[in-house]
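User: I am new to this structure. Please take one part and look at it closely for me.

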Amino acid sequence: MGVRVDWTFKGWRRKRLLGRAELPPEQWRSLLAELPLLRGLPPEEAGRLRDLALLFLHEKQFVPAGDLELTPEMELLIAVQACLPILNLGLDCYDGWVSVIVYPGEFVPRHEYMDEAGVVHVMRDVRIGESWERGPMVLSWADVSLSGEEDGVNVVIHECAHKLDMLNGGEANGFPPIHGGMSAEAWSRTFEAAYEDLCARVDGGEDTAIDPYATESPGEFFAVASEAFFEIPQLLAEVYPQVYRQLAAFYRQDPLVRKGSR
């Protein structure tokens, strides 16, 4: 089967933008070498990731918040990690939203909701990342700067997983649009079992390989599992092998192979 060619206006425009994009080769090689998350990427995949990141930088608007001074290097670090999950899915998965808001550190958003009695409540929770359907992705730079170290924590991948999860419409619920050939029943069964198992372990006071924040909701479990899939794939495959297989089918990647673990 031949390579699919995008003859749309968007495809033509993106190809034209890439022809004009400027990223010094030494800067790209340095990023690949210094970010453990990207080690092991074959040249062809690294080239595709570079192109996706450059297009992401062009199509998204980076907005510094607070007193943060956002540099091109900082934006590139975010873009590369944001594009790793869609390496084999395509940038169109991130259509429908534009802004990437970056705070210096943790931030406290103000959210209002109405309960069943009609009473309006105001929530102010400390966050390091946040995503809204068709809204901005918000990140803490202090936490972004620590991402990609293969420790299982990656705020950029976490929030991008939420964005993918919300493609079905509505809030993130741990059930993104799966591909043809994947089983919705198998996905639900696998993630429900793993979620319940992790909740039981955390409730029992057990130290878990997966961040216990995943027990907050099925949507958070999917996002945290996605972090682990890219950052610590061997641990995820050992603890929840069926979750790993489902994520490999969804993201169309196998980090274990890339990292030489099998």
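Analyst: First, some ground rules. This is a predicted model, in which local features need pLDDT of at least 70 and side-chain atom pairs count only at pLDDT 80 or more, while totals for chains, interfaces and linings use all residues. Residues are numbered from 1 along each chain as its sequence is written, and side-chain values use heavy atoms, with hydrogens and water left out.

Now the setting. The protein chain has 11 helices and six strands. Both are DSSP runs numbered from the N terminus: helices are H or I with at least four residues, strands E with at least two. Of the 262 residues, 45% are buried. Buried means under 20% relative accessible area, exposed means over 50%, and partly exposed lies in between, using a 1.4 Å probe on protein chains only. Among contacts with a separation of 6 or more, 62% link residues 24 or more positions apart. A contact means heavy atoms within 4.5 Å.

Start with α3 (residues 43-59). An axis is a line fitted to C-alpha atoms, for helices over the stretch in contact, and angles run from 0 to 180 degrees between N-to-C directions. Oblique is what remains once angles under 35 degrees (roughly parallel), over 145 (roughly antiparallel) and 65 to 115 (roughly perpendicular) are set aside.

Who touches whom? From α3 come L49, L52, A53, F56 and L57; from α4 come E75, L76, A79, V80, A82 and C83. This contact holds 10 nonpolar, no polar and one charged residues. Nonpolar covers Ala, Val, Leu, Ile, Met, Phe, Trp, Tyr, Cys and Pro; charged covers Asp, Glu, Lys and Arg; the others, Gly among them, are polar.

Next comes α6. The axes of α4 and α6 also come within 8 Å, crossing at roughly 50°. This pair is therefore oblique too. Its crossing is right-handed. I78, Q81 and A82 of α4 meet V156, I157 and C160 of α6. Five of these contact residues are nonpolar, one is polar and none is charged.

E150 is partly exposed, at 31% relative accessible area.

Four bridges join β6 to the parallel strand β2 (residues 99-103); pairing takes at least two DSSP bridges. I101 has V138 as its bridge partner.

Finally, follow α6 to α10 (residues 241-251). V243, Y244, Q246, L247, A248, F250 and Y251 of α10 are buried. The elements covering them include α6 (155-165) and α7 (184-203). Just after α10, R252 takes a positive phi of about 55°. R252 sits in the loop between α10 and α11 and counts as partly exposed, at 46% relative accessibility.

Conventions: Left-handed = near helix turned anticlockwise from the far one by under 90°.
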